[in-house]
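Please keep the sequence and the structure in view while reading.

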Amino acid sequence: MSAHPAMEFSRIIDIRHLPPTAVEITPDESERRRLAARFSLSAIERMVATVEMIADGTTINVKGRIRAAIIQACAISGEDFPVRIDEPVDLRFVHSQAAQAAGDDEIELTADDCDEIEYEGLTFDLGEALAQTLALAIDPFAEGPDADRARAEHKLGGEASGGAFDALAALRPGSDNDGD
């Protein structure tokens, strides 16, 4: 984590004052608009993270879910379509001194292990971590309801064809689709 939190969605948490129960963290309209621009989305209509923060010394474990309703462009047609995201949150904020104390010890992580984020001082930015969690849940190649129509219209073929290479071959001079 940087010393200067991202301006799109920042929620600074003081480890001395962690909430005793789960909390909901929701960006306002302006924050959602800035996050949408950052992630090249048409809009983030709704985003709610429900998380519980549990201290283990200076390590803070954050578990919960992030739910969002976004509007993104179809990877094939470019037309906007709605997408729902429901993603688990499993983060571990580790104080930089504790991370340095671990030193060169090798730690083997599996895909099921939580994300570990270093912080300094007595605070960490949960908003930025949640923004990054949302970003990782967005499928950059998502196809909207008009993807098949766009494929047919532009003669892109489907899964059975050679894909992008067939589309490029159609642009080669001398092909049936070269416009000559």
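Five strands form an open sheet in the order β2-β3-β4-β5-β6, with mixed pairing; strands here are DSSP runs of E with at least two residues, helices are runs of H or I with at least four residues, and both are numbered from the N terminus. Strands β2 (23-25) and β6 stand at the edges with a single partner strand each, so one side of each is left without a neighbour in the sheet. On average, and with direction ignored, neighbouring strands of this sheet are turned by 30 degrees against each other, where axes are lines fitted to C-alpha atoms (for helices over the stretch in contact) and angles between N-to-C directions run from 0 to 180 degrees.

This is a predicted model, in which local features need pLDDT of at least 70 and side-chain atom pairs count only at pLDDT 80 or more, while totals for chains, interfaces and linings use all residues. Residues are numbered from 1 along each chain as its sequence is written, and side-chain values use heavy atoms, with hydrogens and water left out.

The pairings within the sheet can be set side by side; two strands pair if DSSP finds at least two bridges between them.

| Strands | Sense | Bridges |
|---|---|---|
| β2 and β3 (residues 43-56) | antiparallel | 3 bridges |
| β4 (residues 59-73) and β5 | antiparallel | 14 bridges |
| β5 and β6 (residues 115-119) | parallel | 5 bridges |

The buried residues of α3 are L126, G127, E128, A129, L130, A131, T133 and L134, where buried means under 20% relative accessible area with a 1.4 Å probe and protein chains only.

Which residues form the aromatic cluster? F93, Y119 and F124 form one such cluster, and a search of the whole structure finds 2 aromatic pairs, counted when the ring centres of Phe, Tyr or Trp (its six-membered ring) lie within 6.5 Å, with planes under 30 degrees apart called stacked, over 60 edge-to-face and the rest tilted. F93 and F124 are stacked, at 4.0 Å centre to centre and 25 degrees between the planes. Because F93 lies in strand β5 (residues 80-95) and F124 in strand β7 (residues 123-125), this pair ties together parts that are 31 residues apart in sequence. Both F93 and F124 are buried. Y119 and F124 form a tilted pair, at 5.8 Å centre to centre and 55 degrees between the planes, and Y119 is buried too.

For the chain as a whole, there are 5 helices and 7 strands, and buried residues make up 34% of the 180 residues.

Methods
Buried < 20%, exposed > 50% of the residue type's maximum accessible area, 1.4 Å probe, protein only.
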